[in-house]
Amino acid sequence: MKTDCVRYLFLFILLQHFFHASAQQLVINEMMASNATTIVDEDGDYEDWVELYNAGNEVINLFGWGL
């Protein structure tokens, strides 16, 4: 469990750096890692999730991007 948290933290930091380098206006706004009981989705599952925020005025195409 602690290893997963460290892994998600590393991924979070890496993704912030990547997003900052490739799209100055795109930021990770929120993140939920190891969601076991907090937020349930429309299917009744407790999934991990990331929320991206576009602070700019232009549309950013995320096609081909992944986590």
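Biologist: Which elements does the protein chain have, and in what order do they run from the N terminus on?

Modeller: The secondary structure comes to 1 helix and 2 strands. Read from the N terminus on, the order of these elements is α-β-β.

Biologist: Which element of the protein chain has the lowest mean pLDDT?

Modeller: Among the elements, S2 has the highest mean, 88. Where pLDDT is low, the predicted coordinates should not be read in detail. The element with the lowest mean pLDDT, 66, is helix H1 (residues 2-22).

Biologist: Is aspartate 45 buried, exposed or partly exposed?

Modeller: Aspartate 45 sits in the loop between strand S1 (26-32) and strand S2 (49-54). Its relative accessible area is 36%. Buried would need under 20% and exposed over 50%, so aspartate 45 is partly exposed.

Biologist: Which residues gather with Asp45 in a patch of negative charge on the surface?

Modeller: Joining such a patch takes over 30% relative accessible area. Asp45 passes that cut-off because its value is 36%. The residues that gather with Asp45 are Glu42, Asp43, Glu47 and Asp48.

Biologist: What is the relative accessible area of serine 34?

Modeller: Serine 34 also has its place in the loop between S1 and S2. Its phi is near 60 degrees, a positive value in a residue other than glycine. Serine 34 is partly exposed, and its relative accessible area is 25%.

Biologist: What share of the 67 residues in the protein chain is buried?

Modeller: Buried here means under 20% relative accessible area. Serine 34, at 25%, is therefore not counted as buried. Of the 67 residues in the chain, the buried share is 10%.

Key:
Residues are numbered from 1 along each chain as its sequence is written. This is a predicted model: local features need pLDDT of at least 70, side-chain atom pairs count only at pLDDT 80 or more; totals for chains, interfaces and linings use all residues. Side-chain values use heavy atoms; hydrogens and water are left out. Patches are made of residues with over 30% relative accessible area and no salt bridge: like charges are joined within 9 Å, nonpolar side chains (Val, Leu, Ile, Met, Phe, Trp, Tyr) within 5 Å. Accessible areas come from the Shrake-Rupley method with a 1.4 Å probe; for residues, only the protein chains shown count as cover. A salt bridge is a side-chain nitrogen of Lys or Arg within 4 Å of a carboxyl oxygen of Asp or Glu. Lys and Arg count as positive and Asp and Glu as negative; His and the chain ends are not counted. The place of a charge is taken as NZ of Lys, CZ of Arg, CG of Asp or CD of Glu. Helices (H or I, at least four residues) and strands (E, at least two) are DSSP runs, numbered from the N terminus. Buried means under 20% relative accessible area, exposed over 50%, partly exposed in between (1.4 Å probe, protein chains only). pLDDT is the predictor's confidence in each residue, from 0 to 100.
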